[in-house]
Amino acid sequence: MKKKLLSVLLATTMVASLAGCGGDTGSSETAPATEAPATEAADSGADEAADTSDAEPEKTDETADASSDKTTLTWAIWDKESTPYWTAMADAYMEANPNVTIDMVDLGSSDYMTVLATELSGDGSDFDVVTIKDVPGYATLVQKNAIVALDDKISADGVDLSLYNGATDQVTVDGKLYELPFRNDFWVLYYNKDIFDKAGVEYPSNDMTWEEYDKLARSVTDTTFGSQVYGSHYHTWRSTVGLIGCLDGKHSIIDGEYSFMKPYYEMVLNQEKDGVCRSYSDLKTEELHYSAAFSSGDTAMMNMGSWYISTLISNLASGEYDSSLCGNWGIVKYPHADGVEAGSTLGTITGLSVTSATDIPDQAWDFVRWASGKEGAEVMASTGNFPAIMTDEVVNTIKSLDGFPQDENSIEALNVSNLYLEVPYAENVSEINSVLDTYHSMIMGGEISVDDGISKMNEEIAPLVSK
């Protein structure tokens, strides 16, 4: 029964999952937070805020603590109807806290963070807890003093930040943390087992360097016209290529100097030249979605986020994907540079924050703590999504989903050793993203050399970093 329930929830989560990018995270070329299963298909443009004009009784911490009184906690979210975990989280919390009612206000996924910043710009905001969709939006709310630092609460309640695999360190602002992540999507390597079997080549492993990965991709490539097999595939986002260099824990997109990206741009461009992967220009022209590339059965390996796991499972179960082409699939951990620990990967987080305007900060914090902790993690996993905290119970829940590959490597790939955010906090991170996106497109499109593109990145971003 548990597997059936999880599968139903998972299928609901992924309705119309091929819609592609669900929204803008401040960077058109990095993998959007909305590319995760909950919103992969949900960006319908419904960005009007729900009507919150009805007056609410004044809320105080005293009423929150009184068991005889009901407290209403107002929570800003997006795409409620197509995202099962919002209601699942709210219901589970209210069951554990019967004196609390959670009122979810759907601001829509389109321009969510912009709408939220507007909602929080005055003293009249009704929100107690807000969901943080991306780091650029987080930076805006911190700079506007619209959300509060949580450090005292974290310390008082003994919250173990190490459980977040370093993600919270990367969104700490001047020594203060203004959000706790409750969802985490991280990058893995998907592969088609049938292609490797046919070529008589061993499957990818959970401990590969990028050099070993490149050789493996070449070993299963077939450039014969009409029966091509691509050893690898890179979607057009900058994160699929340029951010590979951030996996050593020493570099990030806010460095201001980007020569560390050069080997990976060269690797992918050389693969393009040799027919190992589809060309960036063709992908742009044809608007080929990464899911179509992998499900077509001619792609051996593809680096992509964990959100695609639920897409694969649900679309194979529904028959939308031909199981004879891509039904025999698996995942392994992201490849790594020499000397870097296996299991180091890129990630995106979705967080929760307490607003400065709330008059029930203790109750708001309690929900943030619960949703971002082990209790909330189990609820997230039950809906087929990846929580920020990956406990043994969570891993067991995910691997028990009908359709999840049961080989040892795929199960082990769920364990992350180091999580490096695609977009860590910086005051000017939106502008930095924009510059990097521009030159990524020019490098991959052949308009500029790798060296010249990186030189322009350095030239234009250095002033932004030094501000």
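Reply: Helices (H or I, at least four residues) are DSSP runs, as are strands (E, at least two), numbered from the N terminus. This is a predicted model, where local features need pLDDT of at least 70, side-chain atom pairs count only at pLDDT 80 or more, and totals for chains, interfaces and linings use all residues. Residues are numbered from 1 along each chain as its sequence is written, and side-chain values use heavy atoms, with hydrogens and water left out.

Me: What describes two packed helices?

Reply: The angle between their axes and the distance between the axes. Axes are lines fitted to C-alpha atoms, for helices over the stretch in contact, and angles run from 0 to 180 degrees between N-to-C directions. Here the axes of helix 8 and helix 9 (residues 262–273) cross at roughly 5° and come within 12 Å. Helix 8 is therefore roughly parallel to helix 9 (under 35 degrees; over 145 is roughly antiparallel, 65 to 115 roughly perpendicular, the rest oblique).

Me: Which residues make the contact?

Reply: Contact means heavy atoms within 4.5 Å. Helix 8 supplies W210, Y213, D214, A217 and R218, and helix 9 supplies Y264, M267, N270 and Q271.

Me: Is D214 buried or exposed?

Reply: Buried means under 20% relative accessible area, exposed over 50%, and partly exposed in between (1.4 Å probe, protein chains only). D214 has 16%, so D214 is buried. D214 lies in helix 8 (residues 210–219) and touches M267 and Q271, not counting residues up to four places away in sequence.

Me: How many disulfides are there?

Reply: A disulfide is a pair of cysteine sulfur atoms within 2.5 Å. The count is 0. C277 is buried at 4% relative accessibility, and C326 is buried at 0%.
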